[in-house]
Amino acid sequence: MAHQQPMTTTTRMVDPDLVADTSEGPALRGAACTECSTTTFPAQDRCPRCSALAMSPTLLPRRGTLWAHTVQHFAPKPPFRHDGEFEPFGLGYVDLGSVIVESRLTVSDVTALSPGLPVRLALVPAFTDDDGTTVTTFAFEPEEQ
Amino acid sequence: MGNHEDVVIIGVGMHRFGRTPGVSGRQMAVHATHQALADAGIAWPDVQFAFGGSYAAGDADALVADLGLTGLPFVNVKNGCGTGGSALTSARHAIASGAHDLGLVVGFDKHPRGAFNEDPANLGLGEWYGSTGMMVTTQFFAMKIQRYMAEHGISERTLAKVSTKAFRNGALNPMAWRREPLTEEQVLEAPMVNPPLTQYMFCSPGEGAVALVVASAERARRLGVEGIRLRGVEFRSRRFGSFEVYNTWISPERAEGPTSEAARAVFEAAGVGPEEVQVAQVQDTESGAEVMHLAETGLCAHGEQEQWYADGVTEINGRLPVNTDGGVLANGEPIGATGLRQVHEIVQQLRGRAGEHQVPGRPSVGFTHVYGAPGISACTVLTR
């Protein structure tokens with residue numbers, strides 16, 4: 001496979017506002033209310049709990065535990081995008097302490113998923129743009145035992 | 001909230017649910033409306049106001065082109081699965097306030113095959129939520145029941161029993177879509193959609209229309225009709241801390257959902273307790289939803305469902321018949337019509353006109369519950 005390299009090998013996040021690069025690795029960008037400390041993901045301007053216009057950007061913990069989970073076995077309709085044949089994927093809610101976020105999971109075998117499973121943030125390819133750009137999104141993967 | 005014995009339903013009409021190629025959602029709505037008018041013994045020009053809606057089949061107020069251009073105020077309602085509940089709530093207020101004494105509520109829809117595909121922007125969500133495959137309602141229901149089963153000891157066998165009951169009841173209902181009874185094994189072994197839920201544990205988007213004629217009790221008396229009393233209708237959206245469909249995040253702080261709040265409010269408004277209900281409709285988007293909503297509405301205790309389904313409590317001849325017309329599972333989900341179908345079924349049960357799926361012993365207290373995105377619920381209490 002030495003020849004016929006793709007013209008571009010660029011990647012982009014599915015949405016630039018979701019994930020930050022840190023020295024520890026990727027972290028989700030949330031916002032925390034300076035009045036009542038409610039944390040949201042993604043960031044938003046007003047607090048959905050106390051309505052204050054007092055949200056400040058915060059990076060969410062990179063590790064957490066699985067709170068709820070399932071596996072997507074059929075290809076969703078657009079706007080869902082995927083390359084080639086549809087592959088089932090896991091998804092769930094991950095408890096990060098200050099907030100519980102919904103996320104794709106790197107595991108799609110339901111028997112490998114259970115409440116309380118320790119997981120950590122990763123970036124995974126989601127689909128490819130027409131110009132060959134790989135579009136990545138966030139997902140949680142089980143911690144190595 | 002005024003005198004809640006004031007509003008009665010004096011006529012109901014329906015276009016059969018399922019798939020009707022060549023018939024538009026609007027045509028179904030006109031059909032249902034004429035049936036309801038005939039059932040009430042009134043004519044279209046008698047109708048003083050209307051509330052109605054569809055999600056994907058056009059504007060309800062445009063129905064006047066076919067129903068008759070009488071100049072009445074016709075308000076469009078677009079509240080997702082709560083469309084019917086919202087329309088009925090508004091109609092009740094219009095009558096209870098004394099502004100009108102005879103009106104129409106109509107809901108209809110016609111959806112293409114397959115799961116709903118909502119534009120994330122409509123819910124204030126980023127495009128990424130849809131493009132990465134998370135904007136799928138079935139995922140939420142699977143995750144919620146997965147947690148619930150672990151917490152309250154509900155088995156997959158019970159989820160299958162909910163589905164087999166729905167299709168058994170649907171087989172008795174000529175207006176239903178799915179009328180083939182299935183075995184528990186067929187349900188459990190069907191293709192997996194979102195674990196633990198298989199294909200036959202889910203409803204499908206479909207087609208149908210329902211219309212109701214509502215009147216003040218005084219007007220009903222003058223018309224010489226008895227009607228079914230709408231003792232209460234309450235609509236709620238989600239509070240901070242509840243776990244609902246289409247949430248990119250939730251708080252670690254837990255709060256009860258809109259179902260519990262709407263149910264409690266409607267029982268209080270009606271002066272009726274959940275233990276007095278003799279026939280019920282609860283949202284069964286999937287079989288787990290029926291299980292959870294039975295407890296969230298107060299009709300049973302959390303965890304009690306496992307025994308209830310083993311004992312047949314919710315069957316047509318059981319102690320508390322639930323989703324006697326086959327529910328959403330057997331009727332499908334035309335969003336604009338689904339909540340009114342529930343009311344239609346309870347009205348017919350209380351009148352003793354439900355045909356083959358009639359509950360024995362002439363029930364006199366009925367209840368309906370609808371749930372939908374993005375975390376809304378509407379409940380009614382109806383009595384003879």
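By class, the lining of the second largest pocket has 13 nonpolar, eight polar and four charged residues. Here Ala, Val, Leu, Ile, Met, Phe, Trp, Tyr, Cys and Pro count as nonpolar, Asp, Glu, Lys and Arg as charged, and the others, Gly among them, as polar. This pocket has a volume of about 590 Å³. Its lining numbers 25 residues, of which A:Gln44, B:Arg238, B:Asn247, B:Thr248 and B:Trp249 lie nearest its centre.

The model is predicted: local features need pLDDT of at least 70, side-chain atom pairs count only at pLDDT 80 or more, and totals for chains, interfaces and linings use all residues. Residues are numbered from 1 along each chain as its sequence is written, chains are lettered from A and ligands numbered from 1 in the order in which they are written, and side-chain values use heavy atoms, with hydrogens and water left out.

**Cavities**

Pockets and cavities come from a 1 Å grid over the protein atoms alone. A cavity is a set of points where a 1.4 Å probe fits but cannot get out; a pocket is an open set with protein on both sides within 12 Å along at least five of seven lines; lining residues have an atom within 4 Å of a point. Grid points are joined across faces, edges and corners, and a volume is the space filled by probe spheres set on the points.

The structure holds four cavities of 30 Å³ or more. Two of them are tabulated.

| Cavity | Volume | Lining by class |
|---|---|---|
| Largest cavity | about 80 Å³ | nine nonpolar, three polar, two charged residues |
| Second largest cavity | about 60 Å³ | five nonpolar, six polar, no charged residues |

The largest cavity is lined by 14 residues. A:Pro76, A:Lys77, B:Phe116, B:Met135 and B:Val136 lie nearest its centre. The lining of the second largest cavity includes B:Gly84, B:Leu88, B:Gln342, B:Thr368 and B:Cys379. Four elements of chain B each supply at least two of its lining residues: helix H3 (83–96), helix H13 (335–351), strand E11 (365–372) and strand E12 (376–383). Helices (H or I, at least four residues) and strands (E, at least two) are DSSP runs, numbered from the N terminus.

**Interface**

37 residues of chain B are in contact (heavy atoms within 4.5 Å) with 41 residues of chain A. The two chains bury about 3,200 Å² between them, 64% of it on carbon and sulfur atoms. B:Trp128, B:Met143 and B:Trp249 supply 21% of the area that chain B buries against chain A, more than any other three residues. Buried area is the accessible area (1.4 Å probe) that two parts lose on being put together, summed over both.

A:Ala68 sits in strand E6 (residues 63–72) of chain A. At a relative accessible area of 3%, A:Ala68 is buried. Buried means under 20% relative accessible area, exposed over 50%, partly exposed in between (1.4 Å probe, protein chains only). Beyond its neighbours within four places in sequence, A:Ala68 touches A:Leu91, A:Gly92, A:Tyr93, B:Met143 and B:Arg147.

**Chain A**

Chain A has zero helices and ten strands. Its C-alpha trace spans about 55 × 35 × 35 Å along the principal axes. Buried residues make up 48% of its 145 residues. Among contacts in chain A between residues at least 6 apart in sequence, 52% join residues at least 24 apart.

Helix H5 (residues 137–152) of chain B has 16 residues, which at 1.5 Å a residue should span 22 Å; its end C-alpha atoms are 23 Å apart, which agrees. The expected span is 1.5 Å times one less than the number of residues. Among the buried residues of H5(B) are B:Phe140, B:Phe141, B:Met143 and B:Tyr148. H5(B) is followed by B:Gly153, whose phi is positive, near 65°.

**Backbone details in chain B**

The peptide bond from B:Pro195 to B:Pro196 is cis, with omega near 10°. B:Pro196 lies in the loop between strand E5 (192–194) and E6. The bond from B:Ala373 to B:Pro374 is also cis, with omega near -5°. B:Pro374 lies in the loop between E11 and E12.

B:Asn323 has a positive phi, near 55°, and is buried at 1% relative accessibility. B:Arg362 has a positive phi too, near 45°, but is partly exposed at 41%.
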